[in-house]
Amino acid sequence: MSQAPETTPRAFPPCSSISKEANDFMSQSIGAQWEMADFSPAGIANLRKDNHQFGADAWEIAKKDCSVTLEDEIVGGVSCQWVSPTGDLSGPETVLFFFGGAFVVGGPEDDLSMTARIASCLGRRVCVPRYRLAPEHPFPAARDDAYAVYCALSSQGRDVFVVGESAGGNLALGLVLRVCNSSITKPLAVALLSPWIDLTHSGDSHKTLFGLDPTLSVEHFLKPASLAYAGKEYSVSDSGISPLFAEIPANFPPTFISTATRDLLLSDCVRLAQKLRKEKCYVDLRIAEGLWHVYEWYPQCPEAVDSLQQLAAFLQAHRKL
């Protein structure tokens, strides 16, 4: 007999070592109950509206110390937002950034608090594709958009860093795997923020951290989102949809992975790092104490700023000399 999904998360106090800002966010979430996400057309529209508003609020905080210019351009047939630091660039490399949102919500504007920080810290332009979203455009639409943009940038002779957060980390990993198995020039380095790369949710943290991560629930959001992304023709266990299950080539670029001890997707990050190390690929796995899924999206927290600065330093260290 099947059981209804748990709706009342366990309540634990915030970690004592995190910042006041992070503590405040965690404290506000203690005891919250999850409701099933509404994936009807009206429900999806509301989810996207809420996500956009959260991103706009985050950008209002971040833009106080991130000076960038924004412009739109079609790259490889895909609409993209360019985020450029004001003043002189520090190098010619391009950052290709994929936003998150479980493949059903999100957009470049929603992640400006992160992309502007990366552009400012690294001194490079950031290209953010508006890849197509499910359920209107299930797999492989987003994957194909990601590949088209990368191919266009590569054909222009650009050296590229590939970065992605959450579902965007899935696209980033899948893209680099595809490029490494082709004749196309591979990226200089990869950075993944809490990548959602196992859509079967078979990891330990998917179960054990329910209620400890205030931002995610498998049963109430990720599972229906994964089914919407897979559509009717693919399984969530397909390595194109869950790239954690793909074989890692020996020529995979140096990789930075950020996660946290209360990140529901901690297991995705740990298992990917293990696979990369098994193939003797360089990986820098950062696990923040007491924080949650893509805490970098919360610019009021000093830990978010610090992590993005670490990401920028990692990419800088792997620039083309």
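User: At roughly what angle do the axes of helix H3 and helix H9 cross?

Analyst: The model is a predicted one. Two packed helices are described by the angle between their axes and the distance between the axes. For H3 (residues 112–122) and H9 (residues 302–317), the axes come within 9 Å, and the crossing angle is roughly 50°.

User: Is H3 parallel, perpendicular or oblique to H9, and why?

Analyst: Angles under 35 degrees count as roughly parallel, and 65 to 115 as roughly perpendicular. The crossing is at roughly 50°, and H3 passes H9 in a right-handed sense. The angle therefore makes H3 to H9 oblique.

User: Which residues of H3 meet helix H2?

Analyst: The axes of H2 (residues 41–62) and H3 come within 8 Å and cross at roughly 35°. H2 contributes Ala 58, Trp 59 and Ala 62 to the contact. The residues of this contact divide into five nonpolar, one polar and one charged. Those from H3 are Leu 112, Ser 113, Ala 116 and Arg 117.

User: Which strands stand at the edges of the eight-strand sheet?

Analyst: The sheet is open, with mixed pairing and the order E1-E2-E4-E3-E5-E6-E7-E8. Its neighbouring strands are turned by 20° against each other on average, direction ignored. An edge strand here has a single partner, so one of its sides is left without a neighbour in the sheet; this applies to E1 (68–75) and E8 (283–288).

User: What residue in E8 stands opposite Phe 256?

Analyst: E7 covers residues 255–260 and pairs with E8 in the parallel sense, over six bridges. Opposite Phe 256, the residue in E8 is Asp 284.

User: Is Gly 91 buried or exposed?

Analyst: Gly 91 is in the loop between strand E2 (78–85) and strand E3 (94–98). Leaving out residues up to four places away in sequence, Gly 91 touches Gly 123 and Arg 124. Because its relative accessible area is 13% and the cut-off is under 20%, Gly 91 counts as buried.

User: How far apart in space are Gly 91 and Pro 299?

Analyst: In sequence, Gly 91 and Pro 299 are 208 residues apart. From C-alpha to C-alpha, their separation in space is 25 Å.

Methods
Residues are numbered from 1 along each chain as its sequence is written. This is a predicted model: local features need pLDDT of at least 70, side-chain atom pairs count only at pLDDT 80 or more; totals for chains, interfaces and linings use all residues. Side-chain values use heavy atoms; hydrogens and water are left out. Helices (H or I, at least four residues) and strands (E, at least two) are DSSP runs, numbered from the N terminus. Buried means under 20% relative accessible area, exposed over 50%, partly exposed in between (1.4 Å probe, protein chains only). Contact means heavy atoms within 4.5 Å. Two strands pair if DSSP finds at least two bridges between them. Axes are lines fitted to C-alpha atoms, for helices over the stretch in contact, and angles run from 0 to 180 degrees between N-to-C directions. Angles under 35 degrees count as roughly parallel, over 145 as roughly antiparallel, 65 to 115 as roughly perpendicular and the rest as oblique. A crossing is left-handed if the near helix is turned anticlockwise from the far one by less than a right angle, and right-handed if clockwise. Ala, Val, Leu, Ile, Met, Phe, Trp, Tyr, Cys and Pro count as nonpolar, Asp, Glu, Lys and Arg as charged, and the others, Gly among them, as polar.
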